[in-house]
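Hello,

I am handing over the structure we spoke about. Please open it next to this message. My notes follow below.

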Amino acid sequence: MTHDVVLIPGDGIGPEITEAMRRVVEATGVSITWHVEQAGAGVMDEYGTPLPQRVLDAVSKVGVAIKGPITTPIGTGFRSVNVALRHAFNLYACVRPCLSLPGDGSRYHDVDLVIFRENTEDLYAGIEFDPGAPEVAALAGLVDQAGLRPFRADSAISIKPISEAGSRAIAEAAFEYAERCGRRKVTAVHKANIMKATDGLFLRTVREVASEHPSIAFEDKIVDAACMGLVQDPSDFDVLVLPNLYGDIVSDLCAGLVGGLGMAPGANIGTSCAIFEATHGSAPDIAGQDIANPTAEILSAAMMLEHLGEAEAAEQIRAAVRATLAEGAVVTADVRRALTGSTEGAAGTQAYADAVIAHL
Ligand code: NAD
């Protein structure tokens, strides 16, 4: 059977790591028709938008995509294409496994946790107003009416919507995953002591869902304490469920527990569509040099193969990555640096992919 997959190479290191990923997937023998679509700053001139309608149409038709990272201008410029894709297809669950691998260069050796990040709400909703905007004055009026402490007149405002339905969807995804995969515990991460309305609703809803899944242990932690706990003893965590922004930050923290951003895969899952991508960004500092670590993208492809019903090929890829890293002879600069303090003798992105292919 041939699978159709939309491939969005992205920018920065995206084209290099997606090329490595594609070669590894093809070497498993699984038959895939890749529908390559471009998005990001590079298509702005041609289409007048970083996310052309043709990309949305392709993802909508095929239902499965894998992408490289796409750069988002900081502070000004167009909104994130990555966030726009998650909103366009209601990809409400961002699933990010963090698993120690022998030879991954990390200080930790026993990390095995999975992050469930709500992917569509929270401060990522894109409801933002610059200082001086009429909406800021209108909000000041509402705050006054409510008898709350006024904010400064020259404030910018970002709004944080968190819904019961959105919280329930991500909580159910986390608990159902825990049951299906024999996990022991779900930890809800929040700041409900301060944001009693938004994070309070998130926590209450996750608690409710927890009570419907009595075979899975449940606890909650305030996000700052959770970060400290993760760094001190990651083995104390199993499945984590978080609102969008904490999920973003804690994902990178957890990537750091398993060898860095080059190691952390991910999936954005919705009801009718799934888009797979590494946790990391476009890494402009190392783009175009054939030095990026494609492991995160390759492991994202393994998640995609599982989603496509190709569990055997997925496991083949995971085993080949494990064997390549455990052997340690052909590893990228980030891993070599973590292991030896120097990048001397590091392999390039494509040479590392060749080593993974040789281990399939
Ligand atoms: P980043 O993840 O791109 O890079 C952070 C650090 O990690 C850099 O030093 C980088 O070299 C290193 N790194 C990242 N991936 C690596 C890999 N595969 N191999 C080796 N080293 C790797 O984060 P950033 O610099 O904050 O963001 C750069 C751009 O990416 C921004 O425009 C941001 O908005 C965007 N971004 C996109 C996505 C996405 O497409 N889903 C996700 C996060 C950030």
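Helices here are DSSP runs of H or I with at least four residues, numbered from the N terminus. Glu164 is found in one of them, helix α6. Please keep in mind that this is a predicted model.

**Overall build**

The protein has 13 helices and 12 strands. Its C-alpha trace spans about 65 × 50 × 45 Å along the principal axes. How does the radius of gyration compare with that of a compact globule? For 360 residues, a compact globule would come near 21 Å, and the protein has 21 Å, which agrees. Of the 360 residues, 51% count as buried.

**Aromatic pairs**

How many aromatic pairs are there? The count comes to two.

Take Phe116 and Tyr177 to start. Their ring centres are 5.2 Å apart and their planes stand at 55°, so the pair is tilted. Phe116 lies in strand β5, residues 112–118. Tyr177 lies in helix α6, residues 164–180. The pair therefore ties together parts that are 61 residues apart in sequence. Both Phe116 and Tyr177 are buried.

Phe175 and Phe218 form the other pair, which is also tilted. Here the centres are 6.1 Å apart, with 45° between the planes. Phe175 is in helix α6, and Phe218 is in strand β9, residues 217–222. This pair too links distant parts of the chain, 43 residues apart. Are the two partners buried or exposed? Phe175 has 0% relative accessibility, so it counts as buried. Phe218 has 26% relative accessibility, so it counts as partly exposed.

**A charge over a ring**

Look at Arg117 next. Its charged end sits over the ring of Tyr124. The distance to the ring centre is 5.0 Å.

**The second largest pocket**

This pocket has a volume of about 810 Å³. Its lining is made of 33 residues. Which of them lie nearest the centre? They are Val95, Pro97, Tyr177, Met303 and Glu306. Tyr177 is also a partner in the aromatic pair with Phe116.

Several elements each supply at least two lining residues. They are β4 (93–99), β5, α6, β11 (267–269), α10 (295–307) and α11 (311–327). Which element gives the most? That is β4, with five residues. By class, the lining has 23 nonpolar, two polar and eight charged residues.

Two residues to check here are Ala283 and Asp290. Ala283 is not a glycine, yet it has a positive phi of about 40°. It sits in the loop between β12 (274–276) and α10. Asp290 lies in the loop between β12 and α10 as well. Its phi is near 55°, again a positive value in a residue other than glycine. With a relative accessible area of 32%, Asp290 is partly exposed.

**Sequence separation and distance in space**

- Glu164 and Leu201 are 37 residues apart along the chain, and their C-alpha atoms are separated by 6.6 Å. Glu164 has 42% relative accessibility, so it counts as partly exposed.
- Ile13 and Ser106 are 93 residues apart in sequence and 22 Å apart in space, C-alpha to C-alpha. Ile13 lies in the loop between β1 (2–8) and α1 (14–27). With a relative accessible area of 3%, Ile13 is buried.
- Glu46 and Arg322 are 276 residues apart in sequence and 42 Å apart in space, C-alpha to C-alpha. Glu46 lies in helix α2, residues 44–47. At 62% relative accessibility, Glu46 counts as exposed.

**Where to begin**

Start at helix α6, please. Its residues include Tyr177, which pairs with Phe116 of strand β5. Phe175, the partner of Phe218, is in helix α6 too. Helix α6 also supplies at least two residues to the lining of the second largest pocket. From there, go on to β4, which gives the most to that lining.

Best wishes

Notes. Residues are numbered from 1 along each chain as its sequence is written. This is a predicted model: local features need pLDDT of at least 70, side-chain atom pairs count only at pLDDT 80 or more; totals for chains, interfaces and linings use all residues. Side-chain values use heavy atoms; hydrogens and water are left out. Rings of Phe, Tyr and Trp (its six-membered ring) pair if their centres lie within 6.5 Å; planes under 30 degrees apart count as stacked, over 60 as edge-to-face and the rest as tilted. Buried means under 20% relative accessible area, exposed over 50%, partly exposed in between (1.4 Å probe, protein chains only). A charge sits over a ring if NZ of Lys or CZ of Arg is within 6 Å of the ring centre and within 35 degrees of the ring normal. On a 1 Å grid over the protein atoms alone, a cavity is a set of points where a 1.4 Å probe fits but cannot get out, and a pocket is an open set with protein on both sides within 12 Å along at least five of seven lines; lining residues have an atom within 4 Å of a point. Grid points are joined across faces, edges and corners, and a volume is the space filled by probe spheres set on the points. Ala, Val, Leu, Ile, Met, Phe, Trp, Tyr, Cys and Pro count as nonpolar, Asp, Glu, Lys and Arg as charged, and the others, Gly among them, as polar. The radius of gyration is taken over C-alpha atoms; the globule rule is 2.2 Å times the number of residues to the power 0.38.
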